[in-house]
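Below is a briefing for someone who has not seen this structure before. The points are grouped by topic.

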Amino acid sequence: MTSSIDFGSLEFGLDTFGDVTRGPDGALCPHAAVLREVVEQGVLADSVGVDFFGVGEHHRVDFAVSAPDVVLAAIAARTTRIRLGSAVTVLSSDDPIRVFQRFATLDGLSGGRAEVILGRGSFTESFPLFGFDLRQYETLFEEKLDLFAALRAGGPVTWQGSIRPPLTQQSVFPPPESQPLRTWIGVGGSPESVVRAARYDMPMLLAIIGGDPSRFRPYVDLSARAAAEFNRPVQPIGVHSPGFVGETDEAARETFWPDYKRMHDQIGSERGWPPLEKTSFEREIERGSLYVGSPETVAAKIARTVKTLGLSRFQLKYSAGPLPHEALLRCIELYGTRVMPLVREHLQS
């Protein structure tokens with residue numbers, strides 16, 4: 001079962017968390033150098049025709065980007081067409097007014113190319129860092145999203161909740177150049193999040209990082225039912241999944257595997273996961289949500305996911321642990337010049 005979406009309008013994105021890379025000498029690069037690398041990667045993505053470049057927000061030693069909007073502004077100054085956004089903005093531990101102002105500023109600097117993807121994130125370091133109580137996890141996101149939605153609607157805002165003083169006919173500047181500011185809700189796998197996106201009339205970005213993508217089809221159907229229930233149009237749906245493009249299937253796996261395992265095992269040691277086995281890695285490539293291989297292999301897999309879920313956008317999270325900058329650049333080049341045209345061919349056949 002697929003939606004009636006026009007696949008000819010499919011958008012292709014690339015996401016990075018600014019993973020700290022490994023330099024030519026094998027040592028980890030300084031955070032400042034990684035930030036400059038991310039800007040170069042975004043500029044290359046623009047030049048090879050990628051539609052969207054997303055930068056994640058983290059507050060830990062293995063990721064360099066804690067202020068995505070600043071990095072995106074640097075990319076905006078050197079690009080002309082690519083859309084630029086967060087992947088994701090952890091709204092629960094931020095100020096929704098400042099988030100809106102920062103991305104409205106990015107929208108003006110980029111000529112209307114800014115987007116924001118709002119979510120709760122899969123890491124919690126920002127909560128103690130900024131003085132938020134994890135016991136308020138749900139309330140913080142619910143109320144801050146409600147306030148952000150009110151800001152996005154435009155005009156003076158009157159709003160009241162439990163987490164901050166109320167606003168009464170408050171204007172917020174600057175207004176975004178594109179009205180309304182394009183805003184997605186990041187969904188990690190809860191039906192409540194799907195319904196929330198429909199309620200606020202925002203497109204949904206599914207973070208599918210493991211397992212068969214087809215298992216998310218019920219969420220796509222739920223989104224359509226929820227939109228009808230709220231008497232709203234069906235909004236676009238996107239997918240964010242990890243992967244890497246190499247010259248051949250074997251080369252892609254050999255390049256990606258060691259650093260992907262390092263990243264997985266580091267995070268897993270904090271969360272109680274067992275070390276990643278090579279067989280699990282290969283199984284996820286063959287039947288799950290890891291898009292690793294030659295341009296032909298990756299394109300065929302993306303096309304299957306797009307058809308199965310009726311997607312408007314696919315975003316490949318191409319960075320993984322200390323994978324070197326040069327490998328990331330080649331992945332971006334192959335994604336734009338070979339994968340994207342091949343996906344379009346698959347969808348037209």
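The structure is a predicted model, in which local features need pLDDT of at least 70 and side-chain atom pairs count only at pLDDT 80 or more, while totals for chains, interfaces and linings use all residues. Residues are numbered from 1 along each chain as its sequence is written, and side-chain values use heavy atoms, with hydrogens and water left out. Helices (H or I, at least four residues) and strands (E, at least two) are DSSP runs, numbered from the N terminus.

**Strand S10 and its partners**

- Two strands count as paired if DSSP finds at least two bridges between them.
- S10 and S12 run parallel and are joined by five bridges.
- S10 also runs parallel to S11, with three bridges between them; there, valine 245 has glycine 293 in S11 as its bridge partner.
- Strand S9 (residues 204–207) pairs with S10 in the parallel sense over four bridges, and methionine 204 stands opposite isoleucine 237 in S10.
- Nine of the nine residues of S10 are buried (under 20% relative accessible area; exposed is over 50%, partly exposed in between, with a 1.4 Å probe and protein chains only), so S10 is largely enclosed by the rest of the structure.
- In a regular strand, side chains alternate between the two faces of the sheet.
- In S10 both faces are covered: Ile237, Val239, Ser241, Gly243 and Val245 are buried on one side, and Gly238, His240, Pro242 and Phe244 are buried on the other.

**Helix H8**

- H8 covers residues 249–271, which is 23 residues.
- From first C-alpha to last, H8 reaches 30 Å, close to the expected 33 Å, where the expected span is 1.5 Å times one less than the number of residues.
- H8 bends by about 35° at tryptophan 257, and proline 258 follows within four residues; the bend is the angle between axes fitted to the seven residues ending at a residue and the seven starting there.
- The buried residues of H8 include Ala252, Arg253, Phe256, Trp257, Asp259 and Tyr260.
- Those buried residues pack (contact means heavy atoms within 4.5 Å) against strand S10 (237–245), helix H9 (278–287), strand S11 (291–293) and strand S12 (313–317).
- Glycine 272 follows H8 and has a positive phi, near 85°.

**Salt bridges**

- Side chains of opposite charge can pair when their charged atoms come close.
- A salt bridge is a side-chain nitrogen of Lys or Arg within 4 Å of a carboxyl oxygen of Asp or Glu, and the count by this rule comes to 25.
- Glutamate 11 and arginine 313 meet in a salt bridge, at 2.9 Å from N to O.
- This pair links distant parts of the chain, with glutamate 11 in strand S1 (residues 11–16) and arginine 313 in strand S12, 302 residues apart.
- Arginine 313 is buried, at 0% relative accessibility.
- Glutamate 286 forms a salt bridge with arginine 253, with the closest N and O atoms 2.4 Å apart.
- Glutamate 286 is in helix H9 and arginine 253 in helix H8, so the pair ties together parts that are 33 residues apart in sequence.
- Arginine 262 and aspartate 259 form a salt bridge in which the closest N and O atoms are 2.7 Å apart.
- Both residues lie in helix H8, three residues apart, about one turn of the helix.
- Arginine 262 is partly exposed at 48% relative accessible area, whereas aspartate 259 is buried at 2%.
- Salt bridges with shared partners join Glu11, Arg83, Glu115, Arg182 and Arg313 into one network.

**Cysteines**

- The structure holds zero disulfides, a disulfide being a pair of cysteine sulfur atoms within 2.5 Å.
- The sulfur of cysteine 29 is 17 Å from the closest cysteine sulfur, in cysteine 331, which is too far for a bond.
- Cysteine 29 is buried at 16% relative accessible area, and cysteine 331 is buried at 0%.

**Backbone features**

- The peptide bond from alanine 87 to valine 88 is cis, with omega near 5°; valine 88 lies in the loop between strand S3 (83–86) and strand S4 (89–90).
- A cis peptide bond also runs from glutamine 179 to proline 180, with omega near -10°.
- Glutamine 169, in strand S7, has a positive phi, near 50°, and is exposed at 55% relative accessible area.
- Asparagine 231 has a positive phi, near 60°, and is exposed at 73% relative accessibility.
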